[in-house]
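Visitor: I am new to this one. Could you show it to me and take a few questions?

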Amino acid sequence: LPAVPAAASAAATYPALPSDTPAEFTPVTTSFNYVKRTVMVPMRDGVKLNTVIVIPRNAKGAPVLLTRTPYDAGGLTSHAESSDMKSILQGYDNAADVIVEGGYIRVVQDVRGKYGSEGDYVMNRPLSGPQNATPVDHSTDTWDTIEWLTKNLPESNGKVGIIGISYDGFLPLMALVNPHPALKVAVPMNPMVDGWMGDDWFHHGAFRQINLSYVMEQVVTRKNDAKWFTSTYDDYDTYLRAGSAGELARQRGLQQSGFWRKIVAHPTYDAFWREQAVDKILAKQPVTVPTMLVHSLWDAEDIYGAIAMYKAIKPNDSANDKVFLVMGPWSHGGGIGDGSKLGALNFNSDTALHFRQEILRPFLDRYLKDGPTAANAPTVAPVSAFETGTNKWRSLASWPSGCASGCAIKPAALRLAAGQRLALGGEAGSNAGKDYDEYVADPAKPVPYRARPMKNGYDEAKGQSWPRWLADDQREASGRTDVLTFTSDILTAPLKISGEPIANLIASTSGTDSDWVVKVIDLYPDQVADQPAMGGYQLMISADIFRGRYRESYETARPIAANKALAYRFALPTANHVFLPGHRIMVQIQSSWFPLYDRNPQTFVPSIFDAKPGDYKKATQRIYHSSYVELPVVEIAK
Ligand code: PG9
């Protein structure tokens, strides 16, 4: 071999060409109207949590609004690259107008194990106790954080409020368990409260399988680096081809996630779910911090939480000055956005702006500010409820109360009568002839939960509009042979409902397990002059699913006796709605809502996560005319 020239074998001997990148860059932020500090705040066990603090420039005696999150504190405080505080907070989890106009110090912290924080991530980390052997939980982490903030923020007045949406709405509730004395107010918006009964993971036992993508992105890596993928344009095809939710999870490697293994191990409402349901936890103690629960009437993710929480903690609020409720005509988290429209619906005013400026702002002022601003803050009604149909805000003393005074709520039976008619109250519903209606539910062709092709997700630019699906037109479903549709006569007077409709089905299946979906719908007049596209619109007002195997007990799944008429009773989500004259009421019944919920094989198997292709069988479903929906009708005293 020829000898290698000495110069070529030596390390780089060429002259230095200095890097254009400085060893350390110091941003110039003197023109910014805020100062941002990112600090690692130590918890009692030594774990440090990444905390972003945004302080209005020259702030003095300013209160703090804290959000704790698994969704990236850095990202939530830099929605835009800007020298303007309102611009950087313009996005998820920030009521930017209220925060900035109110002069608040904004603090956003990554929870343990997510993004910049140290420690282990546990989905909705339960309180220290039977489900969590460590001494640390979200209650202690919030306490330690507030303790640090009160000692290290010379610009603050020492008063802290905690606010957040969904997961970040669950966290203010955890802060109420043994609250730090400096915590003066909590605003849980659309909080996740009970993952099995009616929030993110199951509804009455039916699994919300489109959340597999959430588990993958949110749980398997600290910084959400693993991305969900599909192999079809239409999500319906991806889920149908996989078979069961368990199989799709296996195909994405989710068994590596501790949380997915917990879901698979706890398909029923056992101690795992019961003991971490936040309404059950907080019902045991009076809430000592003023708390404003914010609920969205068309919340596609946590439609259960805020109302369940209100029911649990209001009875302990003996002075009627700690627990407040707001409900608006919004999608999940819509209270911080534009509340003038939801899909095809138009509310004639920006209902979310009204909430922020007229309800949230004075509420925060009262408890977080000092001096005359606090003393002169307008009082907020115990309940502020937007009434859909008439599109009006109502101030109420409690929920549900129908109106400010002089009215009562009387349950009225909406009977699923013969001829696919809905008969209200004492109305004569003919039960002549057959005493049931029937359909065939085929798991090979489950009822789509929205028009196909469907792309589940949040990015409108990519054709994804998941957050507003509950307000979709149900017309397509009403034309299917596997959806039963019962319709009332045209209303001649307004009919107002406030509260939870309750489904009372008398139903049989030829299988040994079955899902039942019940939808209460406002059927618009055939023509709507000022909004032609609303002619004949079928708007869901309240709807939910029930997994038949839990008919006798939520804790133990049991096979259903085939071909036997059996009673199923379950509550549907809260409504505050006026069916206007000229409209009709409709109820639709079906046995799948796919792929939002995994398919019921209609053959009893111990766990539906493990159902095999051969278990999925067609079934004949009968809805007997003794079935009814109990409507919480508001009667106005004459
Ligand atoms: N609905 C979401 C969530 C909450 C809690 C657990 C899992 C998901 C959210 O929007 O945060």
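The questions below go from the whole chain to single residues.

Guide: This is a predicted model: local features need pLDDT of at least 70, side-chain atom pairs count only at pLDDT 80 or more, and totals for chains, interfaces and linings use all residues. Residues are numbered from 1 along each chain as its sequence is written.

Visitor: What is the radius of gyration of the chain?

Guide: The radius is taken over C-alpha atoms, and the globule rule is 2.2 Å times the number of residues to the power 0.38. For 638 residues, a compact globule would have a value near 26 Å. The chain agrees with that, at 27 Å.

Visitor: How many helices and strands does the chain have?

Guide: Both are DSSP runs, numbered from the N terminus: helices are H or I with at least four residues, strands are E with at least two. The chain has 16 helices and 27 strands.

Visitor: Is helix 13 largely enclosed or open?

Guide: A residue is buried if 20 or more other C-beta atoms, placed from the backbone, lie within 10 Å of its own; 12 or fewer make it exposed, and in between it is partly exposed. Helix 13 covers residues 305-313. Its cover includes helix 6, helix 12, strand 9 and strand 10. Because 8 of its 9 residues are buried, helix 13 is largely enclosed.

Visitor: Which residues touch the most other members of the largest nonpolar core?

Guide: A nonpolar core is a set of buried Ala, Val, Leu, Ile, Met, Phe, Trp, Tyr and Cys residues joined through C-beta atoms within 7 Å. The largest one has 159 residues. Those touching the most other members are Met 309, Tyr 310, Val 518 and Val 587.

Visitor: Why does Val 629 count as buried?

Guide: Val 629 is found in strand 27, residues 628-636. Leaving aside neighbours within four places in sequence, its contacts (C-beta atoms within 7 Å) include Val 518 and Val 587. Val 629 counts as buried because its C-beta neighbours inside 10 Å number 26.

Visitor: How many charged residues are in the shell around the ligand?

Guide: A residue is near a molecule if its C-beta atom, placed from the backbone, lies within 6 Å of it. Among the residues surrounding the ligand are Asp 200, Glu 301 and Asp 302. Asp, Glu, Lys and Arg count as charged; Ala, Val, Leu, Ile, Met, Phe, Trp, Tyr, Cys and Pro as nonpolar; the others, Gly among them, as polar. The shell has 4 nonpolar and 2 polar residues, and the charged ones number 3.

Note on methods. Contact = placed C-beta atoms within 7 Å.
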